[in-house]
Amino acid sequence: MLNLERLRTLDAVARHGSVSGAADGLHVTTSAVSQQLAKLEREVGQQLLAKNGRGVRLTDAGLLLAEHAARILSQVQMAQADIEAQRGQVVGEVRAAAFPTAARGLFPAALAALREGHPDLRVRTTELEPEQGVRAVLRGDADLALVLDWSNKRSPVPGGLERAHLLDDSADVALPAGHRLAGREAVDLEDFADEEWVSWPEGEFCHDWLMFTLRSQGIEPRIGHLAGEHHTQLALVAAGLGVCVTPRLGRPVPDGVVFVPVRQQVRRHIYATWRADAGRRPSVRAVVAALRAAAEPLGS
């Protein structure tokens, strides 16, 4: 008889491509993953992993069993969703991911409401950038993720996922308090054609959006600094080292920084996304409803 948890471990190795990645996804140690796989190899009587340089790879038998494991685990998830839906109770655990500003701006109110309204529900949260959150939901490492796109750069929904709109989040330009435009009621992005920008790290969706947006206005961006956290971006702005675009949700307000609206409004659209088969779970629906309630007074 194959052990379900050992199949889950093999599936995690197949999805993450390494023992360490599987351990991170399962929130266990690498030694625990190795022990589970060793036991599974003894159960099936075949080698499932082989050394590949400094890492490992799945053998042919490992790949075959991993394919079966993915289907088995998908059926188990569907069964759990159907049982939970039939019972109609908001119970169990929901794993939710969000990018930092959404985690800061939406999770506290939503989680507090869920704890009061559904004491038998446990919501476990983590911070992930939108692209990572989508991948976590697709892999089954998260049940739900908060993601975003921009009004002028939309992001498609991958197959097998559903999403619900939570809010539109306006963004402003953050300037040093002594900047020549700090007293304006509104600005145009063209006003900053000669400025240095503080941007998100290269490869992130928001960095690509900023490059696209400035170039669409005829501005070749001068990127002086890259920082993933808005706290860091704004500290660089306060020091007079550049300007940045800063959404309002969960925004810190440091000394030495002035926020000026963009005349042609710049907005991000924030969504909750989940696997279609998980949408039958009352617990997932309850989390989405709580996030919508938390977002309602914040939309701009």
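In which element is Arg285 found? In this predicted model, Arg285 is found in helix 9. Its relative accessibility is 45%, so Arg285 counts as partly exposed. Not counting residues up to four places away in sequence, Arg285 touches Gly279 and Arg280. The C-alpha atoms of Arg285 and Asn52 are separated by 43 Å, and these two residues are 233 residues apart along the chain.

The largest nonpolar core has 53 residues, of which Leu106, Leu144, Leu146, Trp150, Leu166 and Leu291 touch the most other members. Several elements each supply at least two residues of this core, among them strand 3 (92-98), helix 5 (100-117) and strand 10 (257-275). Helix 9 gives the most, with eight residues. Leu166 touches residues including Leu106, Leu146, Ile270, Val288 and Leu291, not counting residues up to four places away in sequence. A second, separate core of 17 residues includes Val13, Val19, Ala23 and Leu37.

The count of aromatic pairs comes to four. Two of them are given below.

| Pair | Centre to centre | Angle between planes | Arrangement |
|---|---|---|---|
| Trp150 and Trp200 | 6.4 Å | 65° | edge-to-face |
| Trp200 and Trp209 | 6.5 Å | 70° | edge-to-face |

Ring pairs link Trp150, Trp200 and Trp209 into a cluster. Trp150 lies in strand 5, whereas Trp200 lies in the loop between strand 7 (196-199) and helix 7, 50 residues apart. With a relative accessible area of 0%, Trp150 is buried. Trp200 is buried as well, at 4%, and Trp209 is also buried.

Charged side chains lie over rings too. Lys153 lies over the face of Phe212, at 5.2 Å from the ring centre. The charged end of Arg163 sits over the ring of Tyr271, 3.7 Å from its centre.

Terms used: Residues are numbered from 1 along each chain as its sequence is written. This is a predicted model: local features need pLDDT of at least 70, side-chain atom pairs count only at pLDDT 80 or more; totals for chains, interfaces and linings use all residues. Side-chain values use heavy atoms; hydrogens and water are left out. A nonpolar core is a set of buried Ala, Val, Leu, Ile, Met, Phe, Trp, Tyr and Cys residues joined through side-chain atoms within 4.5 Å. Buried means under 20% relative accessible area, exposed over 50%, partly exposed in between (1.4 Å probe, protein chains only). Helices (H or I, at least four residues) and strands (E, at least two) are DSSP runs, numbered from the N terminus. Contact means heavy atoms within 4.5 Å. Rings of Phe, Tyr and Trp (its six-membered ring) pair if their centres lie within 6.5 Å; planes under 30 degrees apart count as stacked, over 60 as edge-to-face and the rest as tilted. A charge sits over a ring if NZ of Lys or CZ of Arg is within 6 Å of the ring centre and within 35 degrees of the ring normal.
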